[in-house]
Amino acid sequence: MIYSEKVMDHFANPRNVGEIEDADGVGEVGNAKCGDIMKMYIKVDNGVISDVKFKTFGCGAAVATSSMATELIKGKPLEEALKLTNKAVVEALEGLPPVKLHCSVLAEQAIKAAISDYYTRQGIDPLPIVGEIGECEDCQ
Amino acid sequence: MEKRVVYADNSATTRVSKRALEAALPHFTEEYGNASSIYTLGMNAAKDVLAAREQVAAALGAKVSEIYFTAGGSESDNWAIRGIAEVMAKKGKKHIVTTVFEHHAVLHTCQYLEKYGFEVTYLPVDENGLITAAQVADAIRDDTALVTIMFANNEIGTIMPIAEIGAVCRERKVIFHTDAVQAVGNVDIDVKAMNIDLLSLSGHKIHAPKGVGALYVRSGINIPNLIYGGAQERNKRAGTENVPGIVGLGVAITDAVKDIEGKNKKVRAMRDRLIDGLLKIPQTRLNGDRERRLAGNVNISFRGIEGESLLLMLDMYGIMASSGSACTSGSLDPSHVLLSIGLPHETAHGSLRLSINDENTEEDVDYILEVVPIVAKKLRSMSPLWEKICRSEGIEDYTKD
């Protein structure tokens, strides 16, 4: 199995690792059983993701996709962040081995979960905006 | 800290020894004859193949006529199991006894036979990764065709009571095969004294080149041909011999079985220092029996850490190791071996296998013991699972300093 240089770079030097103590939204997806958990923290100012941090338990691809996903949504309006697809994350990483594609799904879901939590905290029903987050098919 | 390169994955493969390489090399360019040819160049090749066969036989306490060269351990396992199954099925015997934590070359072969009406008993192993001869005795039935049990486990290094199992099988008149890929050169083996009927071995695990192995088949055991064609390997496995590989295997196995205890003494001391040192890291456990394990095997689980990221980060420090079996990469499931000894999925995901040999040094051990705690702490500091474990079990999170 071969990882791209971009994946290795994001694994070796992950961007935006950590927690946001006073986060406006926190999302956690995945489970320990299948070996991947992603936790995403967002800070929202005027509908824009002003800060984002993550913590990930998982393989190299899981760490790299978390890192890349945070880079892609930082400074973006919520609506735009919601449009981020796992495909875009994979492309930005210059590809992933086929067995690792589920990790990129997890990154997309983690963002949606964090935004969903943000809306819930605002007293807004997230379902019509974010939709069902679903579960990783491989983990079921 | 000065970066070192430490190869600690000798259960995956080994460096070809200088002696094996030197013996093999002329067979590529000078002594390149086909061992079936009648002129001198061919006859020389045939002589060298015979010499290698004698060397392999001597290493196992077998007769020359009982050694068949193959392309490696997986081929030997497949041939032994499918071959015996085919012969015994004709006698109405369609039951196989094995264990849950065999190498996939054995497990998947048994699963294949299940599709053709074979019944397979997968013996459970205990929490230390061991089975007993009594379990085997209890599992044998009137229609048992074959008992196939690994000599030593490739992931956790535990050593099975092969001589006792061999005695049980001989008494009950059941054919006994053992996958000894991880044991050859690490444990003294005598196929006669241990009542082993078939034994698989692989060259590249003992400093021979890749792509060569052997199957020992006790004389009197009928095994069908694996490959039809020429008369090589006593008609049973046709195809021009891999002369350089075979010659390399002969030299490598001779060296491998020389003074095993002397080599093990040194390796075991390093292994024990690694185990003791790594277990000082919080929330770790040793997988596999502490005593009845290969001299060079260390297998530790780190809670809250995923194995692949551990390996990738160790690689950045120059340390090459493995997490479970390398064969399981490409699958999302944690190692079947670690699950078989009762580890929960999340702990099985976070295992590290270091397999050292007498080429490793005390400096390698020092370096590993310096690096692994740093890497473990870093990965835990970014692991939501570690955070959860600390919170739910009231463990102080040492990564927060």
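Guide: In this predicted model, 4 salt bridges are found across the interface of chain A and chain B. One pair that forms a salt bridge is B:E387 with A:K55, whose closest N and O atoms lie 2.7 Å apart. Polar contacts across the interface of chain A and chain B come to 11 residue pairs, both residues being at pLDDT 80 or more. On the side of chain A that touches chain B, at least two residues each come from α1 (5-12), β2 (36-45), β3 (48-57) and α2 (60-73) of chain A. The most is given by β3(A), with 4 residues. By residue class, the side of chain A that touches chain B splits into 17 nonpolar, 5 polar and 7 charged residues.

As for extent, the contact involves 29 residues from chain A and 23 residues from chain B. Between them, chain A and chain B bury about 2100 Å², and carbon and sulfur atoms account for 66% of it. Within chain A, the residues that lose the most area to chain B are A:F11, A:K55 and A:F57, which together make up 29% of what that side buries.

How values were computed: Residues are numbered from 1 along each chain as its sequence is written. Chains are lettered from A and ligands numbered from 1 in the order in which they are written. This is a predicted model: local features need pLDDT of at least 70, side-chain atom pairs count only at pLDDT 80 or more; totals for chains, interfaces and linings use all residues. Side-chain values use heavy atoms; hydrogens and water are left out. Contact means heavy atoms within 4.5 Å. Buried area is the accessible area (1.4 Å probe) that two parts lose on being put together, summed over both. A salt bridge is a side-chain nitrogen of Lys or Arg within 4 Å of a carboxyl oxygen of Asp or Glu. A polar contact is a pair of N or O atoms within 3.5 Å; within protein, one must be able to donate a hydrogen and the other to accept it, and residues adjacent in sequence count only if both atoms are side-chain atoms. Ala, Val, Leu, Ile, Met, Phe, Trp, Tyr, Cys and Pro count as nonpolar, Asp, Glu, Lys and Arg as charged, and the others, Gly among them, as polar.
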